[in-house]
Amino acid sequence: MTTLAETTKRHSRLDIRGLIAVLLTLAVISAPLWSGRAELRLLSEFLSFLALAILWNLLAGYAGLLSVGQQAFVGLGGYALFVLCAHAGFSPYLAIPLTIVAASVLAAMFAPLLFRLDGAYFAIGTWVAAETVMLVFAMIPALGGGAGMSIPAASVKAIAAGKELREAIIFWLVAGLSLATIFGVYGLLRSRAGLALMAVRDNKLAAASLGIDIWRTRFVTYVIVAAMSGGLGAVIFLQKLRISPSAAFSLNDWTVMIIFAVVIGGIGRLEGALVGAVLYFLLREMMADLGAVYLIVLGSLAILVMLFSRKGLWGLIETRFGWSLMPTERKP
């Protein structure tokens, strides 16, 4: 039975974590007031990368779906935004929610086919599906083919008249969707649906014996992850103002590096995605000018982590100190 002292201590930790989360959120929201344009772009990139890492961790670490085709939804979100703005005359504010819908529809179409596969076959299937989507967009002349396209100036001006305000609003769109994704996934894992996901992660057969519909649970998770990935892709390329098939559907940028960050941080733990994303960006900024050496260091780090800690760097920290920044378990 939990004692009063243990309960008080647990609530104290939750209060501290909540306070830190509020302070960090306020710091992010106020970033246009205290940072320059370069710092704002870097923070946007980090937040979107972190959100994508948490989404992939939700998909692979909880639902057991090892996808290497998430670039399909990031790219679709970006292209859907540009098509809606350039060819349908929509404002970016209206187009962004529609990109989320478009990505969820594509995922709902892919899922019945991909879920027939398992393990490595599923991973290869997701990659083939993503490459197919990329080829489709690359062959459409109205979208610039392989060269891509730029967002119309009128759509950019519709965001805001002034350049500085426009930069700030685009940052707030990226930050808002990224933070909504991060806190949304945390809330999901704290809900009954999250309990079902963790049950599937821990023991699929036991979860099924308890009445959990594994196919439905995975389907809903896959669609949610795809939808938010599409929305993130839209705001990422809205900030870039230009899109091309190679950039929008980049396996390296939107899947490989995401997987790297989650694996070294700790798959199946939200903190793992955070630790991995922070470490990846630190290494990238410090070693970006070293060329091949930078990639060798990343690869060596991943190998070392897998050899000495299958639970990633956060697994080592959690085992050694018992820390939990974003606890998802529920204790009686």
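The largest nonpolar core in this predicted model holds 92 residues. Among them, Phe-49, Leu-52, Leu-81, Phe-110, Tyr-222, Phe-237 and Tyr-280 touch the most other members. Which helix gives the most to this core? That is helix H3, spanning residues 37-62, with 15 residues. Apart from this core lies another one, made of five residues, including Ala-196, Val-200, Ala-207 and Ile-214. As a general pattern, nonpolar side chains in soluble globular proteins tend to be buried together.

Let's look at two residues and what they touch. Leaving out residues up to four places away in sequence, Phe-49 is in contact with Met-257, Ile-258, Ala-261, Ala-277, Tyr-280 and Phe-281. Counted in that way, Ala-302 touches Phe-260 and Ile-264.

Where does Ala-302 sit? You will find Ala-302 in helix H15. Ala-302 counts as buried because its relative accessibility is 17%, and the cut-off for buried is under 20%.

Now turn to helix H4. From its first C-alpha to its last, H4 reaches 22 Å, close to the 22 Å expected at 1.5 Å a residue. H4 is also mostly covered, with 14 of its 16 residues buried.

| H3 | residues 37-62 |

Technical notes. Residues numbered from 1 in each chain as written. Predicted model: local features only at pLDDT ≥ 70, side-chain atom pairs only at ≥ 80, totals over all residues. Heavy atoms only, no water. Helix = DSSP H or I, 4+ residues; strand = E, 2+ residues; numbered from the N terminus. Expected span 1.5 Å × (residues − 1). Buried < 20%, exposed > 50% of the residue type's maximum accessible area, 1.4 Å probe, protein only. Core = buried A, V, L, I, M, F, W, Y, C linked by side-chain atoms within 4.5 Å. Contact = heavy atoms within 4.5 Å.
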